[in-house]
Amino acid sequence: MEMTTILHSSLTNPPFTAHLSPSKFPRSFSTPFRLRTSLSFSPSLPPKSFPTNCSVSDDTTSSNVATVDLSIALKKKATDVSADLRGTSIFLVGMNNSVKSSLGMLLADLFRYYYFDSDALVSEAAGGESAAISLKESDEKGFRESETEVLKQLSSMGRLVVCAGDGAVQNSTNLALLRHGISIWIDVPLDMVAKGIIGNKSLLLSSEIAISGSYSELMALYEDMRRGYATADATVSLQKVAYQLGYEDMDAVTTEDITMEVLKEIERLTRVKKMMEAAARPF
């Protein structure tokens, strides 16, 4: 069964197990597999109340109020944007890191979209992360073809938030597939990316970088990918968000903070598209 059919049939029956068509992968990826995933949105739980004898500091109360206010603002902004977005998928590009993945899941929750990580799909097809890294080193062409096939299937559907791997910006075919949705470059400082790699030692980066955590190799990879990242429809820089919010430490930027900036960019892009469509209509 095609992934599109499963996604549509599962909208009212979460969680679900989706399949990518194994016959379309290169021979190295032809073993059938099951992609385990679920809808990223979940029912809201009632807020917890403090016991009457519990005291809360003013700083804690202010922080909680600010968090609630931002959460409400995010939901309102997402609702406003959804009308013009009309189910268009969103592709997040940039170096793999926890900021990008957390952002992707929150966006999916706000828009009530499905969330996918393209590298996770490639790894699943290969038989796991270790197998995917081994295949990347032994059969680079087959590995890249599998990345393209994953993007081809994802780009053919709507209502998705996709965290795209680095393969998404490495050739013109994949870049063209990203044009089926809105692409946004999540620009995170390399030192933060490096810390994530050293802590995780996974992701489909080169095995040398994943093992050694070499900053110079990471910088070289970033420079190699940068031109592809720059073709995205919009860029959201973590450093710029921190500056705008008055934070000296970029670690102070929350997922909600950067999500709000992404929503503003999506709103701007959809408005521009709407204006262009209106201008193209005959009088």
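## Exercises on a predicted model

Glu-267 lies in helix H12, residues 255–280 (helices, H or I, have at least four residues and strands, E, at least two, as DSSP runs numbered from the N terminus). This is a predicted model: local features need pLDDT of at least 70, side-chain atom pairs count only at pLDDT 80 or more, and totals for chains, interfaces and linings use all residues. Residues are numbered from 1 along each chain as its sequence is written, and side-chain values use heavy atoms, leaving out hydrogens and water.

**Exercise 1.** Decide whether Glu-267 is buried or exposed.

*Solution.* Start with the cut-offs: buried is under 20% relative accessible area, exposed over 50%, partly exposed in between (1.4 Å probe, protein chains only). Glu-267 has a relative accessible area of 13%, so Glu-267 is buried. Next, look at its partners: not counting residues up to four places away in sequence, Glu-267 touches Lys-77 and Val-81 (contact means heavy atoms within 4.5 Å).

**Exercise 2.** Work out which strands pair with S5.

*Solution.* Recall that pairing takes at least two DSSP bridges between two strands. Strand S3 (residues 90–93) pairs with S5 in the parallel sense over three bridges, and Phe-91 stands opposite Val-162 in S5. Strand S4 (residues 114–117) also runs parallel to S5, joined by four bridges; here Tyr-115 stands opposite Val-161.

**Exercise 3.** Find which residues cover the two faces of strand S5 (residues 160–163).

*Solution.* Take one side: Leu-160 and Val-162 are buried there. Then turn to the other, where Val-161 and Cys-163 are buried, leaving both faces covered.
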